[in-house]
Amino acid sequence: MFDINEHIDKMLSNNAPVSEIVSYYLNFIPYYSNLFSQLFVFISVIFFTTKLAENSEIIAMMSTGVSFPRLMRPYMISAGIICILTFVLGAYIIPRNNIQRVKFNNTYIKKVVNYTSNIELEVDTGVIAYMSRYENSVKTGYDFTLDKFVSKRLVSHLHAAIIQYDSLSETPCHWIIKNYQIRDLQGMREVISSGGRIDSVINMEPQDLLIVQGQQQTLTSPELRQYIARQKQRGFANIQQFEVEYWQRGASSFASFILTAIGLSLSARKRKNGMGISLGAGLMLSFTYIMFQTISSTFALNANMPPIIAVWIPNIVFIFIAIYCYRLAPK
């Protein structure tokens, strides 16, 4: 409801179809449900355990010799199941649904820039591609050059007015080069050829040329890993947000164990005031975790901190909080 209230004006002004709005929210709900699943788990643990403590069930269990670690065992098993489920959803299933959500957001809500200029990247060993301008809406680049070097020596130079990605072709990385000229350097000789059109397979795709906002959310974890490795090999610098997304999926799933341990430790003791104090402390800690997670991610994006360290900082800090709460729990 908050999202509808915030974006309804933009949707109407940009004439977003009702069918696409419905599809957007059908993909919106699973994404944010999985994103905040640790918060839901935390509150559920506190609510359920506080009810047990109020009814003196935990006192009864411990009076028969059940230890606190034994009491924690089913919680940890459940947290493990939830951890695996959220990781599988976030790494393999939800990214496919995010394609439509991100496309709708970039088309009707934020109107992101759909072109870039002065692109240079290494598409193969010793092969450098350059475009003066690339428009993602038509998958077309202008003023394209492709240089091939052998032992740091230029052996071939291709220049074309237009290069267009063939999205209908079954062959990956299939490009159509128009109005081209090729110069092959053979020692002291130079062979020049030209033509109106040539089909070629070049190891680059539109997603390598222009990073669309939210693009990292549309890739599964194996695709993210391949994309990051490929871009690092090409010397592409702007991949921190992809690395943060890759490592954050595992870190967020693992947080189920930490928050479950904290929630159980906080709410296992019977209190006169009921669940108010436990629930308040749990909400404060859970929102602190989410805020800390957001802040630490910016360390990788803006402070050149290794992404794996940045996304795991909240978990490391909250592990110590979990240990402290565990020691205060009733034994």
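1. Strand β2 (residues 127-135) and strand β3 (residues 140-150) run antiparallel and are joined by eight bridges. The model is a predicted one. Within this pair, alanine 129 stands opposite leucine 146 of β3. The two strands form a hairpin with four residues between them. Lysine 139, in that turn, has a positive phi of about 55°.

2. From β3 the sheet continues to β4: ten bridges join these two strands, which run antiparallel. Lysine 148 has serine 156, in β4, as its bridge partner. β3 and β4 also form a hairpin, here with two residues between the strands. Serine 151 lies in the turn and has a positive phi of about 55°.

3. Strand β4 (residues 153-165) in turn pairs with strand β5 (residues 174-186), in the antiparallel sense and over nine bridges. Histidine 159 stands opposite glutamine 181, a residue of β5.

4. These pairings belong to an open sheet of six strands, in the order β1-β2-β3-β4-β5-β6, with antiparallel pairing. At its edges are β1 (115-124) and β6 (189-201), each of which pairs on one side only. On average, neighbouring strands of the sheet are turned by 15° against each other, direction ignored. As background, strands of a sheet pair through backbone hydrogen bonds, and the pairing can be parallel or antiparallel.

5. How many salt bridges does a search of the whole structure find? The search finds five. Among them is the pair of glutamate 223 and arginine 96, whose closest N and O atoms are 2.8 Å apart. This pair links distant parts of the chain, 127 residues apart: glutamate 223 is in helix α7 (residues 221-234) and arginine 96 is in helix α5 (residues 68-109). Glutamate 223 counts as partly exposed because its relative accessibility is 26%. Arginine 96 is also partly exposed, at 44% relative accessibility.

6. A salt bridge also joins the side chains of arginine 183 and glutamate 190, with an N to O distance of 2.4 Å. With 32% relative accessibility, arginine 183 counts as partly exposed. Glutamate 190 is partly exposed as well, at 39%.

7. Arginine 197 forms a salt bridge with aspartate 199, and the closest N and O atoms of this pair are 3.2 Å apart. Aspartate 199 has a relative accessible area of 40% and is therefore partly exposed. In general terms, side chains of opposite charge can pair when their charged atoms come close.

8. The count of disulfides is zero. Cysteine 325 is buried, at 8% relative accessible area. Cysteine 173 also counts as buried, because its relative accessibility is 9%.

9. Is serine 265 buried or exposed? Serine 265 has a relative accessible area of 7%, so this residue is buried; the limit for buried is under 20%. Serine 265 is found in helix α8 (residues 240-267). A polar atom of the serine 265 side chain lies 2.8 Å from the backbone oxygen of alanine 261. Leaving aside residues up to four places away in sequence, serine 265 touches Phe68, Met72, Cys325, Tyr326 and Ala329. The buried cysteine of point 8, cysteine 325, is thus one of the residues that serine 265 touches.

10. Lysine 51 lies in helix α3 (residues 37-54) and counts as partly exposed, with 38% relative accessibility. The C-alpha atom of lysine 51 is separated by 9.2 Å from that of alanine 268, and these two residues are 217 residues apart along the chain.

Definitions and conventions:
Residues are numbered from 1 along each chain as its sequence is written. This is a predicted model: local features need pLDDT of at least 70, side-chain atom pairs count only at pLDDT 80 or more; totals for chains, interfaces and linings use all residues. Side-chain values use heavy atoms; hydrogens and water are left out. Two strands pair if DSSP finds at least two bridges between them. Axes are lines fitted to C-alpha atoms, for helices over the stretch in contact, and angles run from 0 to 180 degrees between N-to-C directions. A disulfide is a pair of cysteine sulfur atoms within 2.5 Å. Buried means under 20% relative accessible area, exposed over 50%, partly exposed in between (1.4 Å probe, protein chains only). A salt bridge is a side-chain nitrogen of Lys or Arg within 4 Å of a carboxyl oxygen of Asp or Glu. A polar contact is a pair of N or O atoms within 3.5 Å; within protein, one must be able to donate a hydrogen and the other to accept it, and residues adjacent in sequence count only if both atoms are side-chain atoms. Contact means heavy atoms within 4.5 Å.
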